[in-house]
Amino acid sequence: MEDEMRIDFEDIIDLSYPVDEDSPREGPIGPAKIYDTATMEADGYFESRIDVSGHYSTHLDAPALMYADGAVVADIPIQRLMGEAVCMDFSHLRPGDEITKKLLENWIQENGGVKDKIVVLFTGMQNIVDKPEFIEKWIGLTAEAAEFMVSSGIRVIASDSCNIDCVAGKDIEFPAHHTILRHGIPNVENLRNLDKLPTSGFYVIVAPMKLDKSSGAPARVIALV
C-alpha cells in the first residue's frame, strides 16, 4: 500500500499504573475493591472480581463524562487512540501551577507543531504520586490553554496528573475537560514513566477497556520509542 506506515522503535515503555487498591486516583474516587471468587485451594482455579470506577488509576475520559449525548468509551474509534506523539516537559513547574497558553506556544515554537499528535504532558506529578499534593495541588491546563490545544488539532491529550484541568478549574466546572471532550478529543490521566520519553519521534497506543455505557475506562498506555 502506498500510504503504509512503518514504525521503527527500540524500546517499549509502559506509561500506566497497575489497577489495585492503592492505584492513584482523584480525591472523590474511592479505591478499587478486588476479591477472589474462586481459589486454587477450593476450586482448582483462580478467579477474582473487581469493583472499580472507570476513572481510576491510568484511565481514559470519553466525551460522555461531560455531555449527555457524548461518545462513551466503546464509541471512540481505535484509530484515534494510537499515533505519533510528543512529550511536553513542564516538570519544572511546582505543585498547583498552571499550564498556560503561553507555555504551550513557547513549546511549539521551539519543538514543532502538534497537529494530529497524541500530546503527553509531563508535569512531574508522577514524582509525588504518594503524597497529598498529588490530589490537592495537581498541575493542569487553564481554560485558554485547553482551547489552544483543540485549535492546534491534537488527537489525544494525556498527563501524569490526576486531572487535566488546573486546580482553579474545579471551581468553574472544569473548563479544560469541557473544551477538549466537546470536540471529541479523549483525555488520559494518571500516566507514569514520562521522564523516560523523548520530546518527539515516538508512538503511543492507548488501550482502554472497551466499555459500553461508560464515560471512562482504565487503560494500558504504552510508548514505542
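Student: I'm looking at Asp 61, which sits in strand 4. What makes a stretch count as a strand here?

Tutor: Strands are DSSP runs of E with at least two residues, helices are runs of H or I with at least four residues, and both are numbered from the N terminus. By that bookkeeping the protein has five helices and 12 strands. Before we go on: this is a predicted model, where local features need pLDDT of at least 70, side-chain atom pairs count only at pLDDT 80 or more, and totals for chains, interfaces and linings use all residues. Residues are numbered from 1 along each chain as its sequence is written, and side-chain values use heavy atoms, with hydrogens and water left out.

Student: Why is Asp 61 called buried?

Tutor: Buried means under 20% relative accessible area (exposed is over 50%, partly exposed in between; 1.4 Å probe, protein chains only). Asp 61 has 2%, so it is buried.

Student: How do you know that Asp 61 makes a polar contact with the side chain of His 55?

Tutor: A polar contact is a pair of N or O atoms within 3.5 Å; within protein, one must be able to donate a hydrogen and the other to accept it, and residues adjacent in sequence count only if both atoms are side-chain atoms. The Asp 61 and His 55 side chains come to 2.7 Å, so the pair qualifies. The side chains of Asp 61 and His 59 also make one, at 3.3 Å.

Student: What does Asp 61 touch beyond four places away in sequence?

Tutor: Among others, His 177, Leu 181 and Ser 215. Contact here means heavy atoms within 4.5 Å.

Student: His 177 is one of the buried residues of helix 5. What makes helix 5 (residues 175–182) count as largely enclosed?

Tutor: Six of its eight residues are buried, so the rest of the structure largely encloses it. Those buried residues pack against strand 4 (59–61), strand 8 (140–141), helix 4 (143–151), strand 9 (156–159) and strand 10 (187–189). Just after helix 5, Gly 184 has a positive phi of about 75°.

Student: How do you know that the whole protein agrees with a compact globule?

Tutor: The radius of gyration is taken over C-alpha atoms, and the globule rule is 2.2 Å times the number of residues to the power 0.38. For 225 residues a compact globule would be near 17 Å; the protein has 18 Å, which agrees.
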